[in-house]
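User: I am new to this structure and would like to learn how to read it. Could we go through a few features in turn?

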Amino acid sequence: MLCSRRRALRLLGAAGATAATAGCLSPGSLDAYALLGDDLDLSSIGRPYLWPDPTDIDAVTRVDFATEAKASYLSELFDTGELTVRQWPLVGRDAWGTETRPRPTFLERDGTFYEVRVADERLLERERWHFALDRLEENPPDDAAVAQPPFDLSEQDGRVLDAALDAVYAGHDGFLGDPEFDELQTVEFHHGLDAEASALVPSPPFEFVEYEDEFFWAVAERRTVEVPEWTYAISEIADRRSRFTEHARAAIVERDLESDGLSSGARGVVDDAIAEDPRRYEEGAPPSDELSEVLDALGIAGDLEPIESYDDRVDFRNVVVEYEAGIYRFDLILSP
């Protein structure tokens, strides 16, 4: 099922949406249409399709769920064949223009391989406490309560405070710099955190935090939020890796460009996109007949709008195809 970008942001949260749509190239470095290709080895299926340990999948929250909680979810999924859970995206999604689409996802337990799919999804409204840090331009008053490392907090509250510091610089991939957002970036006390046991809400024990020569104002507030809830279902595939690999490969590879009978010009576009240097094909708007032919063969053209209808960069991610006896993964990036 396709999911709108706005809905994806609400379902996946800021961190998930960034991961789903981020690329190595900034829009300013590309022409209007950029087709990127890369060879894909499916002789052994691994991430992001097969998760040997699904507890490695992060919840769509700034503070991840405990590993024990995820393990309990998985036990229910394998025991009953179905699981309903909030804020844990067991099935990944790829950016698809202004929408997203699910990615083939597989699990393995005790030598048996399974495919997992989204059977249902919905958004719930919940009242939850939030904690945040707001960076100050000036030093706080001399008589203010200022917390400094090492912080005298519980393990849970320490994780929340660390996440609040990271949230100030959200969008910078861990590197400090100017904040990405003007609005306050909060850390939600989700159902896996105990707000009643926290010293940070409703009233933090300090007014300000000093960290790496900067000062932050501590904020606690109650908010109404939309919480994504997914129902997952699994089906057994095989108890032998060779059979699993065959099944997974068929699910991952969407098209055979050889059977589509591409023209010589269109083949030139594909060849440029998968060439070692620079591994992309670019051109300005409007797209040429050759590029349009390739996008049709990749299954992108049907969902592609005229470039002037987009306000910001959009991506079509992870189209996996066969071409000249190889397996390749393609991304299309549009930069209005």
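This is a predicted model: local features need pLDDT of at least 70, side-chain atom pairs count only at pLDDT 80 or more; totals for chains, interfaces and linings use all residues.

User: How much of the contact set comes from residues 24 or more positions apart?

Analyst: Counting contacts in the chain with a separation of 6 or more, residues 24 or more positions apart account for 77%.

User: Which strands are joined to E15 by bridges?

Analyst: To read a pairing, look at the partner, the direction and the number of bridges. Strand E5 (residues 93–97) runs antiparallel to E15, with two bridges between them. Here tryptophan 96 has phenylalanine 316 of E15 as its bridge partner. Strand E13 (residues 255–256) runs parallel to E15, also with two bridges; arginine 255 is partnered with valine 321. Strand E16 (residues 326–334) is antiparallel to E15 and is joined to it by eight bridges. In that pair, aspartate 315 stands opposite isoleucine 333.

User: How many residues lie between E15 and E16 in their hairpin?

Analyst: Two residues lie between them.

User: Which other strands form a hairpin?

Analyst: E7 and E8 form a hairpin, with two residues between them. In its turn, aspartate 110 has a positive phi of about 55°. E7 covers residues 105–109 and E8 residues 112–135, and five bridges pair them in the antiparallel sense. Leucine 107 has tyrosine 114 in E8 as its bridge partner.

User: In what sense do E3 and E7 pair?

Analyst: Strand E3 (residues 50–51) pairs with E7 in the parallel sense, over two bridges. Leucine 50 of this pair stands opposite phenylalanine 106 in E7.

User: Let us turn to one residue. Where is isoleucine 252, and is it buried or exposed?

Analyst: Isoleucine 252 is in helix H4, which covers residues 241–252. Its relative accessible area is 3%, so isoleucine 252 counts as buried.

User: Which residues does isoleucine 252 touch, not counting those up to four places away in sequence?

Analyst: Isoleucine 252 touches Leu42, Ile45, Tyr49, Pro104, Phe106 and Val320. Leucine 42 is 210 residues away along the chain, yet the C-alpha atoms of leucine 42 and isoleucine 252 are separated by 9.0 Å.

User: Last, how is empty space found?

Analyst: A probe the size of a water molecule is rolled over the atoms, which shows where empty space is left. In this structure, a search finds one cavity of 30 Å³ or more, and the volume of the largest cavity is about 30 Å³.

User: Which residues line the largest cavity?

Analyst: The lining consists of Pro89, Leu90, Val91, Arg93, Val118, Trp230 and Tyr232. By class, six of these residues are nonpolar, none is polar and one is charged.

Note on methods: Residues are numbered from 1 along each chain as its sequence is written. Side-chain values use heavy atoms; hydrogens and water are left out. On a 1 Å grid over the protein atoms alone, a cavity is a set of points where a 1.4 Å probe fits but cannot get out, and a pocket is an open set with protein on both sides within 12 Å along at least five of seven lines; lining residues have an atom within 4 Å of a point. Grid points are joined across faces, edges and corners, and a volume is the space filled by probe spheres set on the points. Ala, Val, Leu, Ile, Met, Phe, Trp, Tyr, Cys and Pro count as nonpolar, Asp, Glu, Lys and Arg as charged, and the others, Gly among them, as polar. Two strands pair if DSSP finds at least two bridges between them. Helices (H or I, at least four residues) and strands (E, at least two) are DSSP runs, numbered from the N terminus. Contact means heavy atoms within 4.5 Å. Buried means under 20% relative accessible area, exposed over 50%, partly exposed in between (1.4 Å probe, protein chains only).
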